[in-house]
Amino acid sequence: SALGGDYVLVNDLSSETEGYDDYAGSSANDGAGWLPIGNSSNPFYGSFDGQGYSISDIYINRSSHFIGLFGLIEKGTLEEKASIKNLCVLNMNVTITGAYSSIGILCGNMDVSSGKGEIPIENVEVSGVIYGDGISYTGGIAGSAQYVNFQKCKSNTTITTGSSKDRIGGFVGQVFYSTFRNCYASGSVSGGSQIGGFLGRAGTDCFYNCYSSTSVSGSGSYVGGFAGHTYGNDIVKEVYWDTEASGQ
C-alpha cells in the first residue's frame with residue numbers, strides 16, 4: 001500500500017511551488033484545501049523523512065476529524081514503521097467548522113496498537129494557525145497521541161476554540177504512554193477546560209527537558225502554563241514554562 005511506503009522529501013514545497021495550489025491551496029478540493037494523508041479507514045503507517053526541508057502554506061478548511069498534514073498515523077504491527085523525522089511544516093492555516101476532534105499541524109491523531117512498539121517523531125518543527133469554535137483534542141504538533149516518542153520537536157501555533165471545548169495544548173492536545181525529550185511549544189492557546197501551554201491532558205507519560213512559552217487562556221477548570229490536566233504515573237524532569245508569557 002502507498003500508505004505504508006517509505007518517503008523522502010527532496011526540496012522545499014510552498015505556495016511558490018508550481019502546481020501547489022491544486023493540492024494545498026485555498027482553491028484545492030473545491031475550497032476544502034489539503035486532504036490529510038491517512039484517515040480512520042486507511043491510516044498512514046509508512047515512514048517520512050523530510051531531510052530538513054519544509055512544507056509551507058498548507059490551507060485546510062474542513063468539517064471532519066483527523067486533520068493535519070497527516071490525518072491518522074497508526075502502527076498496527078511491530079513490522080510497520082510509522083515514523084516522521086527531519087521535517088518542517090510551516091505557516092499552515094486550518095479552519096474547522098463543527099464539533100470535531102484530533103486536529104494538529106503535523107498530524108490529527110497518532111496511535112499504536114497495544115504492545116506494538118511506538119511511533120518515533122524526531123526533529124520536527126511546525127507553525128501555523130488552527131481555528132474552530134467546536135474543536136477539541138487539538139495541539140500544535142498533534143491533536144492526540146498514544147505510544148509516541150517525540151524528540152527535538154517544536155511548535156509555534158495559535159489555537160483558538162470555543163469556551164466550552166477541552167483538551168487543547170500548544171504541542172499536543174491529549175497524550176498517553178508517550179515520551180518527550182527536548183521539545184518546545186510557543187504561540188497561544190485558548191479554550192475551555194484542560195488547556196495547557198504544552199499539553200491539554202496527559203497520563204502515564206515521560207517529559208525530559210521540555211519548555212513552553214505559550215500564552216494560555218481557558219474559561220474552565222484545569223488550565224496551566226505547561227499542562228492542563230495530568231494524572232497517572234508521569235515522569236517529569238527539567239520541565240519549565242514562562243509564567244509571564246503564559247499568564248499562568
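Student: Which residue's side chain does Arg167 meet in a salt bridge?
Tutor: The partner is Asp166, at 3.6 Å from N to O. A salt bridge here is a side-chain nitrogen of Lys or Arg within 4 Å of a carboxyl oxygen of Asp or Glu. This is a predicted model, in which local features need pLDDT of at least 70, side-chain atom pairs count only at pLDDT 80 or more, and totals for chains, interfaces and linings use all residues. Residues are numbered from 1 along each chain as its sequence is written, and side-chain values use heavy atoms, with hydrogens and water left out.

Student: Are Arg167 and Asp166 buried or exposed?
Tutor: Both are buried. Buried means under 20% relative accessible area, exposed over 50%, and partly exposed in between, with a 1.4 Å probe and protein chains only.

Student: How many salt bridges are there by this rule?
Tutor: The count is two. Lys81 and Asp6 also form a salt bridge through their side chains, at 3.7 Å from N to O. Lys81 lies in the loop between strand S5 (70-75) and strand S6 (83-96), and Asp6 in strand S1 (residues 6-8), so the pair ties together parts 75 residues apart in sequence. Helices (H or I, at least four residues) and strands (E, at least two) are DSSP runs, numbered from the N terminus.

Student: And how accessible is Lys81?
Tutor: Lys81 is partly exposed, with a relative accessible area of 44%.

Student: Changing topic, where is Pro43 found?
Tutor: Pro43 sits in the loop between helix H1 (21-24) and strand S2 (47-49). At 14% relative accessibility, Pro43 is buried.
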